[in-house]
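Let's take a walk through this model together, from the overall chain to the sheet, and then on to the charged side chains. Keep the sequence and the structure side by side as you read.

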Amino acid sequence: MSTPLHLNRRSFLGAAALSAAASLPSLSHAAVPAAGSVRIVGLVGSLRKGKTSYKAMQLALEAARSVSPAIATEVVELSGLNLDPYVAVNAKRSDRPDDFPAVREKLVAPDVYGVLMASPVYMGLVASPLKDLFERMAAFRGRGGFPLRNKV
């Protein structure tokens, strides 16, 4: 009889990040990519900045960076950003500056090969900052193809 596998959050996130990093297309076909030539963006959708979801994302991205020096990472905390979904469908105007264009540019950048998302689960759903981003991603449709295609 085999011993049961003991898996904690740290080892699970590390294994997940390693798996995602190993599947990045440019690393599997390139001889020796330049340092920092592949970027993974981590989106943290928690309402609380710097807390558990942020720390989990840091662990996952740290594990991804350990795969190759070619991997650079960036964390984007969505809490506090104005990602008002009504703006996307022209239902209303916001009196706050719209933060979606800056997040969009980070995601569609040509050196970004992977996007990780972290969120606590409230009432069976992701937290509202990440949900707001999903709503805004409707802007990705119908403009010359889906700009996140071929990204892990």
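In the protein chain, 73% of the contacts with a separation of 6 or more are between residues 24 or more positions apart; a contact here means heavy atoms within 4.5 Å. This is a predicted model, in which local features need pLDDT of at least 70 and side-chain atom pairs count only at pLDDT 80 or more, while totals for chains, interfaces and linings use all residues. Residues are numbered from 1 along each chain as its sequence is written, and side-chain values use heavy atoms, with hydrogens and water left out.

The protein chain holds six helices and five strands. These are DSSP runs numbered from the N terminus: helices are H or I with at least four residues, and strands are E with at least two. Of the 152 residues, 35% count as buried, where buried means under 20% relative accessible area, exposed means over 50%, and partly exposed lies in between (1.4 Å probe, protein chains only). The chain exposes about 9200 Å², and carbon and sulfur atoms supply 57% of that area. Accessible areas come from the Shrake-Rupley method with a 1.4 Å probe, and for residues only the protein chains shown count as cover.

In what order do the three strands of the open sheet lie? The order is 2-1-3, and the pairing is parallel. Strand 2 and strand 3 (112–118) are at the edges with a single partner strand each, so one side of each has no neighbour in the sheet. On average, neighbouring strands are turned by 20° against each other, direction ignored. Two strands pair if DSSP finds at least two bridges between them. Strand 1 (residues 38–44) has seven bridges to strand 2, in the parallel sense, and six bridges to strand 3, also parallel.

How does the chain get from strand 1 to strand 2? It passes through helix 3 (residues 52–65), and this β-α-β crossover is right-handed. Right-handed means that, with the strands pointing away from the viewer, the path from the first strand over the helix to the second runs clockwise. Helix 3 lies across strand 1, strand 2 and strand 3, and runs at about 170° to strand 2. Helix 5 also packs on the sheet, where it touches strand 1, strand 2 and strand 3, and its direction makes about 140° with that of strand 1. For these angles, axes are lines fitted to C-alpha atoms, for helices over the stretch in contact, and the angles run from 0 to 180 degrees between N-to-C directions.

Next come the charged side chains. The whole structure contains six salt bridges, each being a side-chain nitrogen of Lys or Arg within 4 Å of a carboxyl oxygen of Asp or Glu. One of them joins Lys-106 and Glu-74, at 2.6 Å from N to O. Lys-106 lies in helix 5 (residues 100–108) and Glu-74 in strand 2 (residues 71–77), so this pair ties together parts that are 32 residues apart in sequence. Lys-106 is partly exposed, at 31% relative accessibility. Both residues also belong to a network of salt bridges that links Arg-39, Glu-74, Lys-106 and Asp-111.

Another salt bridge joins Asp-98 and Arg-136, with the closest N and O atoms 2.8 Å apart. Asp-98 is in the loop between helix 4 (85–88) and helix 5, and Arg-136 is in helix 6 (residues 128–136), so the pair ties together parts that are 38 residues apart in sequence. Asp-98 is partly exposed, at 31%, whereas Arg-136 is buried, at 5% relative accessibility. Within helix 6, Glu-135 and Lys-131 form a salt bridge of 2.3 Å, N to O; being four residues apart, they are separated by about one helical turn.

Finally, have a look at two backbone spots. Most residues other than glycine have a negative phi. Met-123, however, has a positive phi of about 55°; it sits in the loop between strand 4 (121–122) and strand 5 (125–126) and is exposed, at 82% relative accessibility. Asn-150 has a positive phi of about 65°, lies in the segment after helix 6 and is exposed, at 67%.
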